[in-house]
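Please work through each task before reading its solution.

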Amino acid sequence: MTFFDSAKKVLQQNIREYGMYIALFVIMAIFTITTKGTFISSRNIVNLINQTGYIAVLAVGMTLIIIIRQIDLSVGFLAGFLGAIAAIAMADPKVISNGLNLPVYAVIPLTLSLGIMAGLVTGFLVAQMKIPSFVASLAGWLIYRGAILVVTESTGTIIVANSAFNAIGNGFIPDIPDIGILPGVHKLTLLLGVLAVILLIVNEFNNRRKKQSYNFEVLPVEIFSLKLIFLAAIIGGITWILAGYQGLSWTAVIVLLVTLIYNFVMSQTVLGRHIYAIGGNPDAAELSGISVKKLVYVVFGSMGMLSALSGILFTSRLQSATTTAGTLFELDAIAAAYVGGVSAAGGVGKVVGSIIGALVMTSLTSGMNLMGIGISYQYIVRGAVLAAAVIFDVTTRGKN
Amino acid sequence: MNAPILEMKNITKEFPGVKALSDVSFQVAKGEIHCLVGENGAGKSTLMKILSGVYPQGNYNGDVIFNGHVQKFSSISDSEKAGIAIIYQELALIPEMTVYENIFLGHEIKNGLLIDWNETIKQAGEILKKVNLDINPATKVRNLGVGKQQLVEIAKALSKDVKLLILDEPTSSLNETDSENLLALLRDLKHQGVTSIMISHKLKEVIEIADTITVLRDGQTVATLSKDEVTEHKLIKHMVGREINNIYPKREHKPSQEIVLEVRNWNAYHPTLGRAILKDVSFNLKKGEIIGFAGLIGSGRTELALSIFGNPDGYRLSGELFVNGNKKQFHHPQDAIKTGIAYVTEDRKGDGLILIQDVKQNITLANLHKISQRGVVNNNAEIQVANQYKTNLNIKTPSVEQKVSNLSGGNQQKVCLGKWLFVGPDILILDEPTRGIDVGAKYEIYTIMKDLVKQGMSIIMISSELPEVLGMSDRVYIVSAGKIAGELTAEEATQEKVMRLATN
Ligand SMILES: Nc1ncnc2c1ncn2[C@@H]1O[C@H](COP(=O)(O)OP(=O)(O)OP(=O)(O)O)[C@@H](O)[C@H]1O
Ligand SMILES: [Mg+2]
């Protein structure tokens, strides 16, 4: 088999997975041309990533929710509400009457725990009371919407003065001391990028070797090298763009960590397998000794935690908690998951896909903003892209 | 022989990695009952799906000639228009709708823009008479047994003015009486001029009813026999390509006297049905023993198995359950599995398999921990395990990474079995383990069962096929209306005795 034949075969077999990356690439290329390069500038890319952050973490949680055939509409306002709670908890009682003046290292775990608890409540309604999640979380949507208004009633927008907290949404990782080489480049970011590429290559080689030791089929060596070069180039390219500005932002670090952890859990662990099994056929999963109830709690709990994280990222990015924080986040997260290839029928979807989906959606917003396209048309374009992505997904799925 | 109503010529159909049909030719004469037999994965269902337009023109090679014309169906509705109706292996009725709604679903009788319900009900009544079904057309399908549902399916086909009726394993989930009814109905329809094609693994009924039989093996036609020349022995030989003389392997092994499972005064109440489904059931199972649960469909055998296996449907239970002499209470199937009990469900698609996942994921699902370290699954070990079961159970699939939904019915059943063997249970409950399985594979499964009990496993077999229960069990319990109606040893048990206990 020639190189091109095998390349074609690999591409055909994985078209659904690669399709998203290609779409993201095409969208970015188009905006780079139409904005004469502004879109791909370091500054804009950093902005783009920070803007995607609070939707991306929600999309990760939503992926799991949709995989187990549920939905959670409450996450947007839950994020907004918990963001406000975090802001109040940190606030000085002299400025905000009910402020608690808590330090940031206490506020973050506190907010995340509250998120988990909120998620478990939805989980309880769904798993124990057997209420359809659409209804249970719609109730949550209303309740948290009201709760935001209650806590911000007396004060309106709550300004966050804590600089450590605000760094989460706006700051960058520190650099190593200047040693004279590469001036104007963020060296720690560069170093991390190089490290990531090395880890990737070592990991891929290990996997390949293990597969070979079991005598399993592996990618032909040319395709394998091409894949490695391609992935390394992407990581390298992004690293270079980021290092050219202020380096890796804290938001990016958080999103990367969340993605890595969730991706690992979903693809490599027993827990992840059980979650997919429940989505594929809950009755069969139950009879296979998997406790569906327990996992519904786990998945909604995780969603609650990620909602809290999203609230923290958003509040920190705005450096304040507003009365409208979280509006429509849930729909953006759901759209990101669907663009990223999650199936509405359950049991199918990848965390990384949803992150790419979130990037696609924010790229559209960011690119169209730069081009000066009005908000009304932005909605229409994003709706069309969502429909197109799902159509592509459904048609390629049928063929396999 | 009458003029052919249907001719399929040189049909070839490939799936990625599988040649399901190669150059098959198939002829059906007008007005006959034509049976199609063959091993699991031989291509029977695929051939019928081509005929009925599920796989559209261009998706396969060859010609379909129906009623003298070359047909180019591009969907099921095309073939329906031509007068072909297919009834699938799985029933496709809508449980929450009434019988008359189901019958006319998709081709409603209209009066202008609106549905003419009065006419619908009247016509439904007439069609139900044709299929010898004496029920109120306004009954909800949910409230009918499988046998009656099957008849409603046929009524639905008849309402479309069918010339050729295709039935894919129609009797696989019916009891003897319902099967008899169905076969009688097919004969009736034949006199009314309807041609039928029936796929079945039950060779006795095939021989009883068929005018002509076509045997497929590995995607090829190996024989077409007329009813005068056919014997069961001949059929089996054509199907599997070798002789099988005694389908039930010899019992060489004597079970021990040690009791591994005992149930005493077991009662179950179904909260949604609002009635008792098991009444004062007591039985025991010894180490290395196969016990059979015989009885009519709906007699409560599956419910008994579920109530023991962690009670996932939440029946209210009373009574005692002992495993190896220890009193147990299971709150979840998980508890039962941990205690060494496995349950292979009767409904493999409904609650046995995860159809969208592949063979390997299905096989390892109930025991992922065995191939995991600290919660991380070893993907390579998983492939190895799956391949091992693929070989041992002779599962026909191009690779263990094939989606289970793409496997033929019998091979799906083997995947189910593999999944539970991988759990390594001491007590294996098999619920209709050979439903939809060909004779060759049945023999394999029986042989596996014998091997397992020899190694000390104990097996409970629930089966509605009496010969199988009698051929395999050391002891038979007869269940009737949620009660144990009797217990017979292998020596005592005969078909008549069991039937008498089961039906009174
Ligand atoms: N959609 C599909 N994709 C891939 N392979 C398929 C698909 N459908 C069927 N096959 C394969 O084609 C072959 C024939 O399958 P088919 O369902 O026609 O068998 P069958 O004779 O009806 O068997 P059974 O008696 O078990 O129902 C099998 O090897 C099966 O795995
Ligand atoms: Mg079949």
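**Exercise 1.** At what angle do helix α7 (residues 163-170) of chain A and helix α13 (residues 292-318) of chain A pack, and how far apart are their axes?

*Solution.* The model is a predicted one, in which local features need pLDDT of at least 70 and side-chain atom pairs count only at pLDDT 80 or more, whereas totals for chains, interfaces and linings use all residues. Residues are numbered from 1 along each chain as its sequence is written, chains are lettered from A in the order in which they are written, and side-chain values use heavy atoms, without hydrogens and water.

Step 1. Helices are DSSP runs (H or I, at least four residues), as are strands (E, at least two), numbered from the N terminus. Axes are lines fitted to C-alpha atoms, for helices over the stretch in contact, and angles run from 0 to 180 degrees between N-to-C directions.

Step 2. The angle between α7(A) and α13(A) is about 100°, and their axes are 7 Å apart. These helices are therefore roughly perpendicular to each other (the class for angles of 65 to 115 degrees; under 35 is roughly parallel, over 145 roughly antiparallel and the rest oblique).

Step 3. Among the residues of α7(A) in contact (heavy atoms within 4.5 Å) are A:Phe165 and A:Ile168, and the α13(A) side includes A:Ile312 and A:Arg317. The residues of this contact divide into five nonpolar, five polar and one charged; Ala, Val, Leu, Ile, Met, Phe, Trp, Tyr, Cys and Pro count as nonpolar, Asp, Glu, Lys and Arg as charged, and the others, Gly among them, as polar.

**Exercise 2.** Describe the interface between chain B and chain A.

*Solution.* Step 1. Contacts link 36 residues of chain B with 25 residues of chain A.

Step 1. One salt bridge (a side-chain nitrogen of Lys or Arg within 4 Å of a carboxyl oxygen of Asp or Glu) is counted between the two chains. A:Arg273 and B:Glu382 form a salt bridge through their side chains, at 2.6 Å from N to O.

**Exercise 3.** Which parts of chain A does the pair A:Asp332 and A:Arg382 tie together?

*Solution.* Step 1. The closest N and O atoms of this salt bridge are 3.7 Å apart.

Step 1. A:Asp332 lies in helix α14 (residues 329-339) of chain A and A:Arg382 in helix α16 (residues 375-399) of chain A, so the pair joins parts 50 residues apart in sequence.
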